[in-house]
Amino acid sequence: EASDFTFTISGGAASLSSATPTSISSSGNVYTLGIGISGTPTGAETLTVNPVDNGIYDALGNESITNQSNNSANLKDKAPPTISGVSLASDNSAIYLTMSEAVFNTNSGSGSLESSDFSFSISGGTATLSSSTPTSISKNSNVYTLGLSISGTPDGAETLVVNPVDDGIFDVVGNESTTNQSNNSAKLNDKVAPGISTASIDASNNYIDITLSEGIYSDINSS
């Protein structure tokens, strides 16, 4: 019966929803035990199966021990690759994107990523995107540099979001990256120069009051 076996798991991110197999079937001496998994396996989980005490015997009554060898295997990786972080070039010309693992543009674990495997969107502020597709792509290990084409002058209120396109990015075992990520947005850097927004002269012409569009400083270090 299923209750004649017990599971344990170590490592990775997934856990067991039950230490007892969820089902059992056999063909000769081969037994198929159902596994109840909670969470998404990363491939780093080691599953171990053992007989329970007083659970399994041979035809002569010899009991199977509860601490076996040749009884463990790693779960298969089912975790999709993700964007683990982004940062912007100071001139807003590119976004630097870090993937959680090595990625490819086919589900067979081959093919370098292309610009068309990513998509940009922007909200807020005054600047817009000239193109929702990166203008260029390069990589260094798992860090990708995506070229960014902006129309207008960013005021720092724009939020740029980058996502994989559908069927665009896969890990080495074929898990597809989702098109709705987290850790994938950054504010554009403010490139609007401060200016005089209003000016008025007092009644005696002794002084002029000017209003600046933002806080100003006497040097480039904002001091």
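Mentor: The side chain of N163 makes a polar contact with the side chain of N184, at 3.0 Å. A polar contact here is a pair of N or O atoms within 3.5 Å; within protein, one must be able to donate a hydrogen and the other to accept it, and residues adjacent in sequence count only if both atoms are side-chain atoms. This is a predicted model, in which local features need pLDDT of at least 70 and side-chain atom pairs count only at pLDDT 80 or more, while totals for chains, interfaces and linings use all residues. Residues are numbered from 1 along each chain as its sequence is written, and side-chain values use heavy atoms, with hydrogens and water left out.

The side chain of N163 also reaches the backbone nitrogen of Q181, at 2.9 Å. N163 lies in strand β15; strands (E, at least two residues) and helices (H or I, at least four) are DSSP runs, numbered from the N terminus. N163 counts as buried because its relative accessibility is 14%; buried means under 20% relative accessible area, exposed over 50%, and partly exposed in between (1.4 Å probe, protein chains only). Leaving aside neighbours within four places in sequence, N163 is in contact (heavy atoms within 4.5 Å) with D117, F118, S119, T179, N180, Q181 and N184.

The core has 18 residues, of which F120, L146, L160 and V162 touch the most other members. Not counting residues up to four places away in sequence, L160 touches N184 among others, including L88, I95, F120 and L188.

S177 is buried, with a relative accessible area of 1%. A polar atom of the S177 side chain lies 2.9 Å from the backbone oxygen of P81. With neighbours within four places in sequence left aside, S177 is in contact with P80, P81, M99, P164 and I169.

How values were computed: A nonpolar core is a set of buried Ala, Val, Leu, Ile, Met, Phe, Trp, Tyr and Cys residues joined through side-chain atoms within 4.5 Å.
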